[in-house]
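Please look at the sequence and the structure before reading the points.

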Amino acid sequence: MSILLTCWMQSSARRDVVRVPRPLRVGVAVAVLILGTSHALVAQADTSRVAPLRLADVYAEMVKRSPRVEAARQRARAAEARVPGSRRLPDPQVQLGFMNYGVPSLRPMETLGMNQVQITQMLPLNGKLAAAGRAADAQAAAERSRAADTRWEQRASAAAAFYDLYQLDRSIEVASESRRLMQDLASIAESMYRVGEGRQADVLRAQVEVARMDEEIIRMRAMREAASARLAALLDRPVEPALPPVQLPSYPAALPRVDSLQRAAAASRPMIQSGEQEVRAAEASELLARKEIWPDFEIGVQYGQRRAVASADPTAMSSGTDRMASLMVGASVPIFARSRQLKMREEAVAMRRMASADLAAMRSDTRGSVAEAFADLSRARALQLLYRTTILPQAEASVTSSLSAYRVGSVPFMTVLDSRTTVNRFRQELAVLEADEGRAWAELEMLVGRSLVDSTSEPPDSRDLPPAPTSPDAPTHSSILRDASRRGLR
């Protein structure tokens, strides 16, 4: 339709005797505006038929496929596997001896030749095994908490990529709609310039705006491919640039208090729990290091046999084999205690202090991160409310006013273009705020260690943009379009 109207106006321009009335030109412009809006609605309806990408699906796939989550899980299993062995005695030693054999005959010598079997067992004293077991238990618990924290970190990273995709999808949608509108307006401005009622500056500006929108769409599509690649890497799946449009989850209606979030993070954040277990492990290791100064007890038994020696007494009975047994008891002697055992104590004390300092830093960083994420969340919420209730309605009212003024010829045609561009920019900024809110919720979930957003539910309809408020006697945007169309095509 727009092509036919433009061709008709161009053909009229070639006939110098025909003057196109201004109401007709306004009607043509408004008709093209209506046509461009209808095309945008049809395109939006076509994309709505594609199954959207939900945040819950991303989370489920991330838990199953993420290599980092799997690596942390296996590291925790390895730490748990070390616990039983830490409470067991050292392995006994078995020795087999062939004593006093002749060379090169390799026969046992008379009287001295003997075969021996010896078994020794080291017995740590003073509760060393119990302390080692407590340290291994605490280390395994720390690895389990660290694995849980890795899962929450990867979850937040996947959510950030998800919300980046949402922001870019909305921005591309608004930019594409704006580009279609710019093309139609550029054609109208050129047609009006041909008949002598427009300005060349309007034509050039409209064409530059179309080229700028092309550049912006190309840039945002490249950014969307990068966001898709980040999400694919987190999920360990092939890169799919053509991911379906994303669907926002349902955010909580009310915000929690920042102090309650900080208390919850201090109590349930896996990173802090891991730090607490690291402190327990360091304390148990320090206790074990203090016990290392005590000697380890060692016990052993020995069995030997040799050929019996012939007796000078003819009446003596000989069994043919002499058998012997021995019992051995020993202990380690810490002769290098000053440079070994005492240094082990210093090392354990330093490690325990380091673990305590790390835990304090985790708690402090968590409090600050919770406050920062809550501030970002509050900012996104407040600005969204401002955009929906004040900025966007006023911008839409400005478009309505510019259309009304353009109908009577009191404003240039590019004023309508500027006001419409401003509305589209505000819509893009609103999409950025919606994505910022989602990222802030994901950050808080990672810090608190629990779900705060229902990722399986869809956002309510109330999240859509409200209509611009108008007074009872003021003309609306749609009524001006309809009236201008009737006046121009009559």
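The points below concern a predicted model and are grouped by topic.

**The sheet**

- Strands of a sheet pair through backbone hydrogen bonds, in either a parallel or an antiparallel manner.
- Here, four strands form an open sheet, in the order β2-β3-β5-β6, and their pairing is antiparallel.
- The edges are taken by β2 (93-99) and β6 (321-331); each has a single partner strand, so one side of each is left without a neighbour in the sheet.
- From one strand to the next, the twist averages 15°.
- Strand β3 (residues 114-123) runs antiparallel to strand β5 (residues 297-307), and nine bridges join the two.
- As for individual residues, Asn115 has Gln305 in β5 as its bridge partner.

**Helix α3**

- Helix α3 covers residues 55-65, and its buried residues include Leu55, Ala56, Val58, Tyr59 and Met62.
- Viewed down the axis of α3, the buried residues fall within an arc of 160°, so they line one face of the helix.

**Helices α7 and α8**

- Helix α7 (residues 258-268) packs with helix α8 (residues 270-291) at an angle of about 45°, and their axes are 6 Å apart.
- On the α7 side of the contact are Ala265, Ala266, Ala267 and Ser268, which meet Pro270, Ile272 and Gln273 of α8.
- The residues of this contact of α7 with α8 comprise five nonpolar, two polar and no charged.

Notes
Residues are numbered from 1 along each chain as its sequence is written. This is a predicted model: local features need pLDDT of at least 70, side-chain atom pairs count only at pLDDT 80 or more; totals for chains, interfaces and linings use all residues. Side-chain values use heavy atoms; hydrogens and water are left out. Buried means under 20% relative accessible area, exposed over 50%, partly exposed in between (1.4 Å probe, protein chains only). The arc is that of the directions from the helix axis to the C-beta atoms. Two strands pair if DSSP finds at least two bridges between them. Axes are lines fitted to C-alpha atoms, for helices over the stretch in contact, and angles run from 0 to 180 degrees between N-to-C directions. Contact means heavy atoms within 4.5 Å. Ala, Val, Leu, Ile, Met, Phe, Trp, Tyr, Cys and Pro count as nonpolar, Asp, Glu, Lys and Arg as charged, and the others, Gly among them, as polar.
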